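Colleague: Could you walk me through this model before I set anything up with it? I'll ask as we go.

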Amino acid sequence: MTMRIYVPRDAAAVAVGADEVALAFAQAAAARGAAIEIVRNGSRGLCWLEPMVELSTAQGRIAFGPVTPADVPSLLDAMTGNGQHALRLGVTDEIPWLKRQTRLTFARCGVVDPRSVDDYCAHGGYKGLERALTLTSAQILADVTTSGLRGRGGAGFPTGIKWKTVAQASADRKYIVCNADEGDSGTFADRMIMEGDPFVVIEGMTIAGITVGATKGYIYIRSEYPHAVEAMNAAIVAARRTGFLGKRIGGTKHEFDLEVRVGAGAYVCGEETSLLESLEGRRGIVRAKPPLPAHKGLFGRPSVINNVLSFAAIPFILDNGAKAYADFGMGRSRGTMPIQLAGNIRYGGLFETAFGVTLGDLVDEIGGGTFTGREVRAVQIGGPLGAYFPRALFDTPFDYEALAARDGLIGHGGIVVFDDTVDMVKQARFAMEFCAVESCGKCTPCRIGSTRGVETINKIINGERVTENLAVIEDLCNTMKFGSLCALGGFTPYPVMSALKHFREDFGPAPARLQAAE
Amino acid sequence: MTVGYEPWDTARGTEIIAEHAGLEGATLVILHALQEAFGYVPEPAIPMVAEALNLSRAEVHGVFTFYHDFRKQPAGRHVLKLCRAEACQAAGGDRIAARAEAKLGVSLGNTTADERVTLEPIYCLGLCATAPSAMLDGRLVGRLDEARIDALVAEAQR
């Protein structure tokens with residue numbers, strides 16, 4: 001009987017040798033005349049176990065990892081024999097780290113063959129679209145709104161309201177734009193879903209298209225993600241071939257098609273208006289709002305622009321109903337969030353769960369602390385524009401409002417863990433440096449403020465008039481926060497001010513009079 | 001890698017531009033295609049793109065210079081990109097980057113004197129849970145340690 005073996009093609013698995021492992025399996029099987037079928041699936045998101053290989057059995061899929069090419073001969077022995085092996089992790093779905101998750105958006109990621117429409121449909125794919133095709137635009141909008149889904153890119157704007165605005169606008173053309181410019185360090189959920197389950201993104205965008213009356217969509221993927229570009233392009237071709245994209249979708253009157261566009265290394269293009277400029281072939285300069293993209297977006301037409309994860313959440317909502325999604329979560333943060341545990345962390349990867357889990361649980365219990373074995377000193381939540389939190393704030397629940405109440409933000413759901421060797425004044429300077437390099441240059445607070453910020457933090461590091469210069473930093477951050485046109489300049493103060501607030505000791509000696517008071 | 005790129009040729013450039021000029025907002029697509037063919041965007045191509053898209057030279061030049069990806073001259077034979085963003089910093093990326101710089105004798109953003117290796121920073125490859133990470137000529141490598149970066153540098157120098 002042919003053995004089916006899964007070896008991920010996810011970039012994170014490939015970066016630690018998955019291609020070599022797949023090749024070793026093919027060669028070893030050929031050498032001993034064993035009949036095997038290798039499926040290059042996405043990643044399950046247990047990154048410390050990558051490359052994680054799975055074997056399809058009557059008891060379900062059995063995982064082994066992390067596998068090196070040298071392990072392959074003994075693994076094949078185990079797979080054809082009694083199944084025992086030092087790298088055996090047991091039934092994949094029973095691995096506690098995976099089992100305690102609530103995978104709605106990532107339900108199929110790492111399970112299916114990302115190149116196969118049939119496999120997607122066999123695992124519940126396109127059921128959301130199927131139902132959407134039987135509904136009116138207003139009914140779909142009601143579902144999306146009731147689900148409580150908020151933009152997963154970072155801003156957290158209610159998706160249903162955005163779609164409704166575009167649906168109500170009248171124009172000769174409308175567009176659906178998927179923001180796959182996932183530039184935030186510590187985040188990789190967009191990449192993973194595009195590589196592991198690309199059809200769910202296509203399905204979500206198609207539903208958006210029929211809802212608002214758009215026939216054309218663009219997926220803007222950053223150039224740093226060549227594997228995701230390849231995966232989406234392959235999936236689009238497959239969807240067209242099977243009638244899920246193009247004219248007469250699913251035999252109805254609806255028409256929708258997609259095109260991938262590749263960014264060119266500008267972080268600011270993750271900002272939606274800058275992304276639209278870039279798609280139109282211009283410099284990625286931020287636009288002033290209003291007009292909102294929902295009124296005047298791509299090429300001046302009403303456009304839905306959402307993050308990859310927002311679109312990827314849609315098929316579940318349409319298939320299972322708004323309530324099934326809204327039943328998860330807390331407060332105004334409904335549903336699940338694919339959280340990414342990254343940096344110096346023992347058990348890093350993708351952890352999708354309902355809103356409300358505390359930061360401490362995520363970092364210590366689920367993440368297992370640092371891989372260096374040292375104390376966790378700080379975590380940065382939400383990318384380069386997110387705040388640094390100390391251990392004292394680890395009781396904060398992962399929720400839009402709860403984080404905001406403590407001057408933090410969810411951003412795109414990434415958590416980067418740092419151990420006690422981190423120098424927080426350097427991290428603050430890096431935030432300013434990054435902003436200076438990536439600023440589009442349109443507004444002064446961001447363009448000039450970030451450069452002055454780097455200079456001033458350098459003075460602090462050199463011990464020059466520390467108290468006065470810290471006052472300058474605070475003032476500068478206020479100007480950037482309230483005066484910048486977009487989130488790049490507006491949110492750079494978050495990492496800077498949080499580092500200063502929670503890790504003041506890294507910014508040089510405290511003022512003399514305070515020392516005297518102690 | 002830069003080996004295998006075509007030398008600049010006006011007719012070939014015209015052909016590449018014409019292939020994509022009909023797309024909506026084609027400028028970035030064309031610049032990417034030119035760089036893919038020639039390894040960089042040759043200066044004579046800028047007015048040709050402008051002409052084909054009915055834009056001014058300044059507009060196309062502005063787009064070309066805005067984005068970090070586009071090169072105005074060829075890179076070294078191999079391009080080694082090291083992720084310098086926060087997740088990789090947290091996982092020891094500073095040490096790895098310093099080691100690569102010392103081994104190659106150039107700082108990030110530069111090409112070795114023998115034009116073999118261009119060493120560049122990159123801000124996030126999305127491999128944040130298998131950090132620190134790098135990309136050598138399009139091939140990804142994660143969980144970098146001293147031995148792995150030494151091997152990558154040696155491979156790039158070959």
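Colleague: How many residues of α12(A) are buried?
Modeller: Eight of the eight residues of α12(A) are buried, so this helix is largely enclosed by the rest of the structure. A residue counts as buried if 20 or more other C-beta atoms lie within 10 Å of its own, as exposed if 12 or fewer do, and as partly exposed in between, with C-beta atoms placed from the backbone. Helices here are DSSP runs of H or I with at least four residues and strands are runs of E with at least two, numbered from the N terminus.

Colleague: And what covers the buried residues of α12(A)?
Modeller: The cover includes β6 (175-180), β7 (216-221), β8 (257-262) and β9 (303-307) of chain A, together with α2 (27-38) of chain B. Among the buried residues are A:E272, A:E277 and A:L279, and α12(A) is followed by A:G281, which has a positive phi near 95°.

Colleague: Before I go on, what kind of model is this, and how is it numbered?
Modeller: This is a predicted model, in which local features need pLDDT of at least 70 and side-chain atom pairs count only at pLDDT 80 or more, while totals for chains, interfaces and linings use all residues. Residues are numbered from 1 along each chain as its sequence is written, and chains are lettered from A and ligands numbered from 1 in the order in which they are written.

Colleague: What confidence does the predictor give the complex, and what does chain A average?
Modeller: The complex gets an ipTM of 0.97 and a pTM of 0.96 from the predictor. On pLDDT, the predictor's confidence in each residue from 0 to 100, chain A averages 95, with 98% of its residues scoring at least 70, and chain B averages 96, also with 98% at least 70.

Colleague: Where does pLDDT stay under 50 in chain A?
Modeller: Over residues 514-518 of chain A, for which the model has one contact beyond four places in sequence; a contact means that the C-beta atoms of two residues, placed from the backbone, lie within 7 Å. Where pLDDT is low, the predicted coordinates should not be read in detail.

Colleague: Switching to the interface, how many residues of chain A are in contact with chain B?
Modeller: There are 45 residues of chain A in contact with 34 residues of chain B. On the chain A side, the elements that give two or more residues are α1 (11-14), α12 (272-279), β12 (336-343) and β16 (414-419). That side divides into 23 nonpolar, 15 polar and seven charged residues, where Ala, Val, Leu, Ile, Met, Phe, Trp, Tyr, Cys and Pro count as nonpolar, Asp, Glu, Lys and Arg as charged, and the others, Gly among them, as polar.

Colleague: How do α10 and α13 of chain A cross?
Modeller: The axes of α10 (residues 198-212) and α13 (residues 308-320) of chain A come within 7 Å and cross at roughly 80°; axes are lines fitted to C-alpha atoms, for helices over the stretch in contact, and angles run from 0 to 180 degrees between N-to-C directions. The two helices, α10(A) and α13(A), are therefore roughly perpendicular, given that angles under 35 degrees count as roughly parallel, over 145 as roughly antiparallel, 65 to 115 as roughly perpendicular and the rest as oblique. Residues making the contact include A:V200 and A:M205 of α10(A), with A:F311 and A:L318 of α13(A), and by class the contact has eleven nonpolar, one polar and one charged residues.

Colleague: And at what angle do α17 and α21 of chain A pack?
Modeller: Helix α17 (residues 424-438) and helix α21 (residues 493-502) of chain A pack at about 165° with their axes 8 Å apart, which makes α17(A) roughly antiparallel to α21(A). Among the residues in this contact are A:M424 and A:A431 of α17(A), and A:P495 and A:L500 of α21(A).

Colleague: Which residues do the cis peptide bonds join?
Modeller: One joins A:G65 and A:P66, with omega about -10°, and A:P66 sits in the loop between β4 (60-64) and α3 (72-80) of chain A. Another joins B:A131 and B:P132, with omega about -10°, and B:P132 is in the loop between β3 (117-122) and β4 (134-136) of chain B.

Colleague: Last one: is A:Y126 buried or exposed?
Modeller: A:Y126 counts as buried because it has 23 C-beta neighbours inside 10 Å, and its phi is positive, about 65°, although it is not a glycine.
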